[in-house]
Protein chains: 2
Amino acid sequence: MRIRDEHKEQIVKQKALELLVSQGFEGFSMQKLARAANVSPATLYIYYRDKEDLVMSIGREIGKQLNQAIFKGFNPEAAFEEGMRVQWRNRANFMLSHELEMTFYEQIKNSTFREAVSADIVAEFKEKMSIFMKNAIEKNEVKAMPIEVFWSVAYAPLYNLLRFHSEGKSIGGRPFVFSEEIMWQTFDLVMKALKN
Amino acid sequence: MRIRDEHKEQIVKQKALELLVSQGFEGFSMQKLARAANVSPATLYIYYRDKEDLVMSIGREIGKQLNQAIFKGFNPEAAFEEGMRVQWRNRANFMLSHELEMTFYEQIKNSTFREAVSADIVAEFKEKMSIFMKNAIEKNEVKAMPIEVFWSVAYAPLYNLLRFHSEGKSIGGRPFVFSEEIMWQTFDLVMKALKN
DNA sequence: TTTTTAAAAGAACGAACATTCATTTATATT
DNA sequence: AATATAAATGAATGTTCGTTCTTTTAAAAA
């Protein structure tokens with residue numbers, strides 16, 4: 001029995017990401033991918049059931065990686081600001097070292113493949129994060145609020161900074177560059193908003 | 001000379017929006033649009049140069065509408081919190097009354113058509129907003145900070161709430177519904193972050 | 001070494017794609 | 001009423017699409 005070439009499979013995955021990010025969903029096709037990966041179109045159907053399966057598999061894999069990265073070293077029993085600091089550091093680290101993946105992930109969340117990607121991931125986030133929040137509220141570190149409000153104030157600014165960063169352009173004239181300093185400056189503002 | 005049917009043109013625009021939002025860029029085609037709008041494919045090429053022109057025209061039009069709505073009644077000389085309140089109200093009003101348009105606008109910003117849509121819009125925002133910010137800093141209402149940090153803290157939470165709203169689903173178990181109350185609760189947190 | 005089996009390939013399929021062409025239709029002007 | 005002209009059409013263009021077919025290739029098992 002001929003053995004599957006894992007390296008070839010990796011190349012397909014990588015080229016798919018590159019193509020999807022550079023050309024968008026509308027410019028992505030199985031034949032282009034096959035050409036880019038130096039593979040027969042038929043080979044793609046050994047690795048994936050069809051085009052949808054390919055896109056969703058890659059999307060789900062990135063989602064899992066992201067989720068895992070986010071909770072690395074995160075202790076739901078930790079003090080509020082400390083826990084939040086870990087979350088910000090984890091998210092920023094992952095995003096800066098996986099720009100291609102994150103761009104694709106944002107793309108897929110604004111596409112018809114939306115649901116499939118985020119279902120499990122949201123569930124895991126909810127489970128771990130709600131314990132952390134419950135603790136913080138009980139310890140009087142933060143006011144009770146709908147989790148959507150919390151999420152929006154706590155993380156949306158960070159994601160937005162990173163979006164400015166990877167778009168390369170800015171609202172101001174000079175190009176915006178994300179840095180540790182800017183991140184923690186923003187973090188302090190967010191803490192000021194959330195902490196009692 | 002036969003006169004152009006403006007009503008028909010409107011239907012094409014509306015159906016294009018509906019199709020793009022429900023099927024995504026990858027599921028959108030000129031032939032599908034023609035069928036949905038009860039029009040010959042050739043007619044689309046009377047209204048638009050090609051597919052790209054169609055998508056971008058619609059995107060740009062929404063961008064202009066959004067920008068106009070945002071600055072309605074906005075006075076750059078106003079006090080910081082008051083000015084921000086106008087901005088939040090304007091943005092929320094527009095988004096809630098143009099959900100389809102906003103979904104499409106988010107889609108296009110995460111696609112290859114990105115640049116073309118936001119160029120002018122960002123320029124106008126920068127011009128008007130920088131005066132407002134300069135005033136607020138001089139009046140000691142808010143600390144100086146990079147405009148990207150300001151934007152991320154000031155508006156990203158609002159956009160994120162509205163995203164939760166239109167996704168219909170939530171992090172929590174119950175479906176999330178955007179409301180005036182939740183909006184101003186979030187606004188207060190953001191003000192706490194930004195104001196001196 | 002031979003057999004077995006799945007990986008991989010290349011050519012091919014009909015379907016759908018963006019766009020154009022030749023023609024018809026409706027209206028404003030003469 | 002006749003003419004001019006741009007709107008609108010349906011059919012057709014060649015191209016690319018996703019996917020499958022048949023065949024070849026490579027490695028594990030015999």
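This is a predicted model: local features need pLDDT of at least 70, side-chain atom pairs count only at pLDDT 80 or more; totals for chains, interfaces and linings use all residues.
Let me begin with burial: a residue counts as buried under 20% relative accessible area, as exposed over 50%, and as partly exposed in between, with a 1.4 Å probe and protein chains only. By that rule A:Asn38, at 70% relative accessibility, is exposed. Side-chain values use heavy atoms, without hydrogens and water, residues are numbered from 1 along each chain as its sequence is written, and chains are lettered from A and ligands numbered from 1 in the order in which they are written.

To stay with A:Asn38, this residue is found in the loop between helix 2 (30-37) and helix 3 of chain A, where helices are DSSP runs of H or I with at least four residues, numbered from the N terminus. Its phi is near 55°, a positive value in a residue other than glycine. In chain B, B:Asn38 sits in the loop between helix 2 and helix 3, with phi near 60°, and is exposed at 70% relative accessibility.

Now to the DNA. There are 25 residues around DNA strand C, and A:Ser40, A:Ala42, A:Thr43, B:Met1 and B:Tyr45 come nearest; near here means that a heavy atom of the residue lies within 4 Å of the strand. Which element gives the largest share of the surface near DNA strand C? That is helix 3 of chain A, with four residues.

A:Tyr47 also leads us back into the protein, since leaving aside neighbours within four places in sequence, A:Glu9 is in contact (heavy atoms within 4.5 Å) with A:Arg4 and A:Tyr47. A:Glu9 belongs to helix 1 (residues 6-23) of chain A and is buried, with a relative accessible area of 17%.

Note on methods
Helices (H or I, at least four residues) and strands (E, at least two) are DSSP runs, numbered from the N terminus.
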